[in-house]
Amino acid sequence: MTILISRKRPLAVMTLAAILLVCVVTLAAAQSSSQLTCPGKTTCRECIQTSNCRWCTQANFTKPRCHGHDIGYCPEEYTVDPSNEAITLIARELSKPTKVGGGGAGGGYEAEMSGSSHWSSSSSSHSSSSSSSSSSGHMSASGHNIVQIYPQRVQLKLRLNEVYRLGVKYSQAEDYPVDLYYLMDLSKSMEDDKEKLSSLGAQLAEEMQKITSNFRLGFGSFVDKVLMPYVSTVPKNLREPCPQCAAPYGYHNLMPLSVDTHRFTEEVERAAVSGNLDAPEGGFDAIMQAVVCREQIGWREMARRLLVFSTDAGFHYAGDGKLGGVITPNDGECHLDKTGRYTHSTIHDYPSISQINLKVKQNAINVIFAVTQNELSVYERLSKLVEGSSAAMLSNDSSNIVSLVRDEYNKISSSVEMKDNRTDSLIDVKYYSRCKGDGPLVQTSKCDGLKVGDIVNFEAHITLLKCPENPRDWNQILQIYPIGINESLTVDIEMLCSCPCELPGNPDYKEYAEECSGVGTYKCGICDCDEFHHGHKCECSATDIHTESGFAENCRQTNTSIECSGRGQCVCGVCDCDKRVNPEEIISGTFCECDNFSCDRNNGLLCSGPKQGVCSCGECVCAEGWTGAACDCKATNESCIPPSGGEICSGHGTCECGSCRCKITEEGRYSGRFCEKCPTCSGRCNEFKHCVQCQMYKTGPLADPDDCATNCTLFVPTGVKKVEIDEEKDDNKCTFFDEDDCRYEFSYNDSGEKIVVKAQEERECPPKVFMLGIVLAVIAAVVLIGLAVLLLWKLLTTIHDRREFARFEKERMMAKWDTGENPIYKQATTTFKNPTYAGK
């Protein structure tokens with residue numbers, strides 16, 4: 001294949017190259033991963049449940065049967081490598097509007113019926129290529145043959161952790177049937193709303209018939225459970241809870257779905273309001289019955305179903321029934337009598353939000369919560385918990401109900417959101433689409449701004465994440481559906497969690513096979529022995545105590561070690577070591593304790609390569625002239641002797657692996673390639689330091705430019721951020737502090753004809769200290785602390801004085817002065833009484 005690349009498109013070329021590079025790297029990573037993980041799988045089932053692994057069923061195969069995608073590893077006719085596979089079972093084409101007469105129906109529809117098609121893929125989307133037949137026919141007015149999702153049924157075989165991309169199309173049909181059921185709160189506070197609705201019934205029907213000619217309308221009302229504390233149970237109030245009010249009730253289906261809009265107006269006018277005690281209403285009971293009673297309400301199979309819920313109050317939910325003594329949970333079933341009344345209002349509790357959501361999903365109904373402004377925020381939060389529902393503000397007298405229903409219907413019909421019925425974590429489904437654009441696929445399950453006839457392509461990425469333990473769960477049904485539409489794509493999923501050769505009837509499945517000594521089942525090239533035998537060919541008997549005794553002990557190197565060192569199988573008392581994918585890597589030894597691939601490496605080479613050593617039983621055996629754990633060190637000391645001769649490492653170090661390791665003495669550490677530099681020798685550092693100062697930092701005794709130019713002619717230092725030396729090149733490092741107490745470093749090499757000096761670009765100077773600022777800060781801190789202490793003392797004394805004064809006032813007010821006479825007081829006069837005086 002020849003690829004022509006235009007010179008005017010360098011960006012496209014770079015993008016293509018990047019994509020190819022990513023693909024190559026990803027493929028290499030997957031191949032490397034499979035080489036590590038695949039050989040450890042001992043059965044075909046375990047093997048194909050591992051990514052990028054294949055199983056070889058060839059008889060007498062000596063290499064590991066589970067392997068990666070290695071070309072020529074196993075003949076293709078013996079390779080088990082299942083891939084994702086899909087078969088289209090039902091594929092009726094999307095409905096297309098066609099002019100059939102000019103009646104009120106507004107036209108008919110065409111649909112094509114495709115036969116089943118078959119395709120297989122591990123990662124790409126399908127393309128139907130097999131034979132197909134088509135037949136077209138006109139749609140009936142009921143909409144039974146209208147198709148809005150394509151395809152309708154697919155059989156899909158999935159392998160673990162392999163993504164299958166399934167294409168799904170959706171198109172909103174023109175003049176699609178609509179069923180609208182108006183569920184109204186008829187408590188006393190909604191009396192004016194009822195009157196307004198009765199006058200707008202005909203207008204509502206007329207507005208909806210502009211959207212679709214196939215429109216039906218129904219009506220129902222609710223109040224609450226006829227129990228205390230929801231409703232007054234006083235006999236008089238049960239008959240007439242409020243002036244000109246009907247008896248309370250739970251829910252009443254007053255008018256099933258019908259095309260008779262005149263009857264809708266009459267039923268709304270005839271319906272009487274009632275009364276209850278508490279603020280929340282029994283709306284959930286009514287929603288549940290209106291949703292699940294499909295025959296009584298009259299919901300059509302192929303129609304967009306709208307349930308308009310109108311109220312000005314909140315709602316009771318599961319658990320509230322206990323207040324009235326109702327403890328039986330709501331069963332989610334239909335309980336309407338012949339007159340359309342809810343018979344289990346006082347028997348069953350209110351349904352929960354999750355129950356409402358479940359039934360709405362199962363029956364594909366869009367709920368529109370038309371509520372007053374006071375309750376709007378509550379129902380907006382509720383709409384997020386009920387699939388396909390929305391909330392809109394209703395005016396106080398419901399005068400805007402027509403525009404509300406029209407606008408909400410347009411919102412619902414102009415968008416599509418794909419959902420599925422997954423309830424566990426076995427299968428993962430992600431949705432991608434371009435919606436109406438032409439850009440790349442983006443992860444989204446919802447597209448907005450659609451019109452009648454627009455076709456939206458979705459791509460469902462379906463992945464099997466886990467194989468169930470029970471094989472009966474390997475076949476499941478996945479439903480993919482657009483919210484609010486009673487159509488779905490049914491995906492019959494078969495999980496590829498086992499190999500065909502593991503099932504009876506396959507040529508590679510033999511019971512009591514000769515290959516297994518007649519006591520095991522031969523499947524997929526290996527033996528599955530019965531409970532009394534083991535071994536590769538079931539040759540070892542567990543019932544023979546003379547030969548079986550001590551088998552396990554014979555395969556252990558010590559009493560505490562595991563059988564065959566965990567790298568083989570104990571067959572009749574002898575270790576059969578595992579085989580590696582790379583035939584050059586061999587596990588050996590009586591107990592499989594040795595190998596020729598786990599030795600130390602140098603520069604990625606095992607034992608530094610075959611010329612320097614070989615790996616034997618986990619340790620490197622070095623060739624002559626080499627030593628070290630990885631055979632990376634020369635066995636001679638010649639490289640540690642100075643060129644001028646003398647002792648090894650100048651007598652100041654030891655030769656290790658061909659390099660000198662210098663000694664550290666009390667004076668310091670020797671340095672240099674041959675440890676020839678003493679720690680106390682300054683060398684030429686003092687000679688060069690003044691020139692480095694003046695040339696690099698414009699400081700020092702030679703800071704004057706003329707003096708610097710006159711005295712510093714041997715070198716010109718090169719500035720570096722950090723001074724580093726190479727002792728093998730005889731570099732010398734110098735460190736000094738100047739008159740500003742700044743530290744600077746430089747290195748020099750004078751071994752050649754020219755002196756090379758590298759100096760630090762910036763000196764390391766200590767930070768400047770602003771002493772005046774520190775003094776002022778300390779003074780300010782002392783003053784502030786003093787003021788704070790004074791204020792605190794003043795505050796505490798004021799509080800204490802006020803408390804004392806308050807206590808004094810309290811004691812003064814409570815004092816009771818004694819108004820009796822003083823016991824020691826004596827009057828100035830004394831009175832005597834004559835006892836003989838008779839009063840005369």
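A: Let's start with a definition: two strands count as paired if DSSP finds at least two bridges between them. Keep in mind that we are looking at a predicted model.

Q: Okay, so how many bridges join strand S26 to S27, and in which sense do they run?

A: In general, strands of a sheet pair through backbone hydrogen bonds, either parallel or antiparallel. Here, strand S26 (residues 520-523) and S27 run antiparallel and are joined by 4 bridges.

Q: Now for another strand: which residues of S18 are on the covered face, and which on the uncovered one?

A: The general idea is that in a regular strand the side chains alternate between the two faces of the sheet. In S18, Val416, Met418 and Asp420 make up the covered face, while Glu417 and Lys419 are on the uncovered one.

Q: Which strands does S18 pair with?

A: Strand S23 (residues 475-482) is joined to strand S18 (residues 416-420) by 3 bridges, running antiparallel. Asp420 has Ile480 as its bridge partner there. S18 also pairs in the antiparallel sense with strand S21 (residues 446-447), over 2 bridges, and Glu417 stands opposite Lys446 in that pairing.

Q: And what do S23 and S24 form together?

A: They make a hairpin, with 6 residues between the two strands. Gly484 sits in the turn and has a positive phi of about 85°. The pairing of S23 with strand S24 (residues 489-496) is antiparallel and spans 6 bridges, and Leu478 stands opposite Val491 in S24.

Q: Moving on to charges: how many salt bridges does a search of the whole structure find?

A: A salt bridge needs a side-chain nitrogen of Lys or Arg within 4 Å of a carboxyl oxygen of Asp or Glu. The search of the whole structure turns up 35. One of them joins Arg54 and Asp81, at 4.0 Å from N to O. That pair ties together distant parts of the chain, 27 residues apart: Arg54 is in strand S1 (residues 54-56), and Asp81 is in the loop between strand S3 (79-80) and strand S4 (85-92).

Q: Is Arg54 buried or exposed?

A: Buried means under 20% relative accessible area. Arg54 counts as buried because its relative accessibility is 10%. Asp81, at 29%, is partly exposed. Both belong to a network of salt bridges that also links Glu76, Arg159 and Glu162.

Q: What links Lys225 and Asp285?

A: They form a salt bridge too, with the closest N and O atoms 2.9 Å apart. Lys225 is in the loop between strand S13 (215-222) and helix H4 (235-239), Asp285 is in helix H6 (residues 283-292), and 60 residues separate them. Lys225 is buried, with 0% relative accessibility, and Asp285 is buried as well, at 2%.

Q: Where is the UniProt annotation "transmembrane region"?

A: An unreviewed UniProt entry places it at residues 769-793. In the model, that span is 92% helix and 0% strand, and its end C-alpha atoms lie 37 Å apart.

Q: Which residues form the nonpolar patch on the surface?

A: The patch consists of Phe770, Leu772, Val775, Leu776, Ile779, Val783, Leu784, Leu787 and Leu790, with about 910 Å² of accessible area together. Take Leu787 as an example: this residue lies in helix H15 (residues 771-814) and is partly exposed, at 46% relative accessible area.

Q: Finally, how many helices and strands does the chain have?

A: There are 15 helices and 47 strands. Of the chain's 840 residues, 39% count as buried.

Definitions and conventions. Residues numbered from 1 in each chain as written. Predicted model: local features only at pLDDT ≥ 70, side-chain atom pairs only at ≥ 80, totals over all residues. Heavy atoms only, no water. Patch = residues over 30% accessible without salt bridge, like charges linked within 9 Å, V, L, I, M, F, W, Y side chains within 5 Å. Areas by Shrake-Rupley, 256 points an atom, 1.4 Å probe, with all protein chains shown as cover. Buried < 20%, exposed > 50% of the residue type's maximum accessible area, 1.4 Å probe, protein only. UniProt positions renumbered as here; feature names shortened; annotations may be inferred.
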